[in-house]
Amino acid sequence: MRGWREMGGGRVENVLVVEDEVLLLDLVTAELEDAGLTVLQADNANAALGMLATDTPVDLLFTDIRLPGPMDGWTLAEAALKLRPGLKVIYATGFAGDAPRLAPGSLFFTKPYRPSAVIAAIAAFGTAEPPSPAVP
């Protein structure tokens, strides 16, 4: 796989991945790290918000929609954007359900997705002015 800089990545370097399926969390983390990104992991929304409430660098939130506990990925992203208004967001889900509540400029992936597609989308966030519009 090409390195992060060769793909044009730049402004997005620190990704918070929120996924409750451990195998998928580890796979996505490994792929993103192999691409040269720094990855933080959370298995639920409360853990993610705890990280976002600190000064830990996070440029992009990559969140599953269905998460354990009272907060889903939609609500997590809304709360995250209140804490960090410039945060970029990518949503992912394997379930059809309620209409998406996409944040402006965010992206949406359905599972199964190719990690290379997610990496390309993150790279586009790093180079696009402004970020690509939300894709339902």
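# Helix packing and cores: worked exercises

Helices H2 and H3 are roughly parallel to each other (angles under 35 degrees count as roughly parallel, over 145 as roughly antiparallel, 65 to 115 as roughly perpendicular and the rest as oblique). The model is predicted, so local features need pLDDT of at least 70 and side-chain atom pairs pLDDT 80 or more, while totals for chains, interfaces and linings use all residues. Residues are numbered from 1 along each chain as its sequence is written, and side-chain values use heavy atoms, without hydrogens and water.

**Exercise 1.** State the order of the elements in the protein.

*Solution.* Step 1: the protein has four helices and five strands (DSSP runs numbered from the N terminus: H or I of at least four residues for helices, E of at least two for strands). Step 2: from the N terminus on, they run β-α-β-α-β-α-β-β-α.

**Exercise 2.** Describe the packing of H2 and H3.

*Solution.* Step 1: H2 spans residues 45–52 and H3 residues 73–83. Step 2: their angle is about 10°, and their axes are 10 Å apart (axes are lines fitted to C-alpha atoms, for helices over the stretch in contact, and angles run from 0 to 180 degrees between N-to-C directions). Step 3: Ala-45, Ala-48, Leu-49 and Leu-52 of H2 meet Leu-76, Ala-79, Ala-80 and Leu-83 of H3 (contact means heavy atoms within 4.5 Å). Step 4: the residues of this contact are eight nonpolar, no polar and no charged (Ala, Val, Leu, Ile, Met, Phe, Trp, Tyr, Cys and Pro count as nonpolar, Asp, Glu, Lys and Arg as charged, the others, Gly among them, as polar).

**Exercise 3.** Which element gives the largest share of the largest nonpolar core?

*Solution.* Step 1: this core has 22 residues, and Val-15, Leu-32, Phe-62, Ile-90 and Ile-122 have the most contacts inside it (a nonpolar core is a set of buried Ala, Val, Leu, Ile, Met, Phe, Trp, Tyr and Cys residues joined through side-chain atoms within 4.5 Å). Step 2: S1, H1, S3, S4, S5 and H4 each give two or more residues. Step 3: H4 gives the largest share, five residues.

**Exercise 4.** Is Tyr-113 buried or exposed?

*Solution.* Step 1: Tyr-113 lies in the loop between S5 and H4. Step 2: its relative accessibility is 14%, so Tyr-113 counts as buried (under 20% relative accessible area is buried, over 50% exposed, in between partly exposed, with a 1.4 Å probe and protein chains only). Step 3: beyond its neighbours within four places in sequence, Tyr-113 is in contact with Leu-24, Val-28, Phe-62, Ala-92 and Val-118.
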